[in-house]
Amino acid sequence: MDVPVVTEELVRQLRDGYPHVALVYAGDGVLMVRGPRGGVVEGERLYSSQRLDSWRPAAGGQALSDREHAARLTAQLRPVIEDLVAHERAEAILGLLAAYTGPDIWADVIEKLPDFDRRIPAEYPSYVRSAYDQRHHDANATTAEFVGLGERVTFSLDRRENRWQAAYTKGG
């Protein structure tokens, strides 16, 4: 999962747009600086240009360079950006899973995903004791099938509705 970083150029754009622009996640792994349009910043707002001055040097201290600002912003915003990218990628994966109509979704789609981490072994609850119970469970239960996107998302198959779902881990 590729996560974009804040660049020196983005810091310069933030500074030049003071105080009316924001750093946003525009989707597809792209960070941009955008101004308000009709009072709304387009994209997932991450950081306001007004806050850029909050890292002021101590009395007599050296001001931060654009590179240092970029490094601090990258470190500060990384968890939020990772979550946004994970949600976006999970939606794309759910689309692939939903569109698949062939005989072997594991070999044809899931195991080829660049963000595939591991398969979750099938486990039956304690009340499943017979082969009949197993067949009933397999036909009706929602079962966690695999984990992806750096252990951030668990993909499950709701067998009753024949629909894939994504559950995000804490922070994901």
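**Contacts of Ser-156 and overall architecture**

Apart from neighbours within four places in sequence, Ser-156 makes contact with Thr-142, Thr-143, Ala-144, Glu-145, Arg-163, Trp-164 and Gln-165. These contacts are taken from a predicted model. Ser-156 lies in strand β8, which covers residues 153-158. The relative accessibility of Ser-156 is 12%, and this residue is therefore classed as buried, the cut-off for that class being under 20%.

At the level of the whole chain, buried residues account for 36% of the 172 residues. The secondary structure consists of four helices and nine strands, arranged along the sequence in the order α-β-β-β-β-β-α-α-β-α-β-β-β. The radius of gyration of the chain is 22 Å, whereas the globule rule gives 16 Å for 172 residues; the former value is well over the latter, so the chain is more spread out than a compact globule. Along the principal axes, the C-alpha trace extends over about 75 × 35 × 30 Å.

Contacts were also examined by separation in sequence. Of the contacts in the chain between residues at least 6 apart in sequence, 48% link residues at least 24 apart.

Technical notes:
Residues numbered from 1 in each chain as written. Predicted model: local features only at pLDDT ≥ 70, side-chain atom pairs only at ≥ 80, totals over all residues. Heavy atoms only, no water. Helix = DSSP H or I, 4+ residues; strand = E, 2+ residues; numbered from the N terminus. Rg over C-alpha atoms; globule rule 2.2 N^0.38 Å. Buried < 20%, exposed > 50% of the residue type's maximum accessible area, 1.4 Å probe, protein only. Contact = heavy atoms within 4.5 Å.
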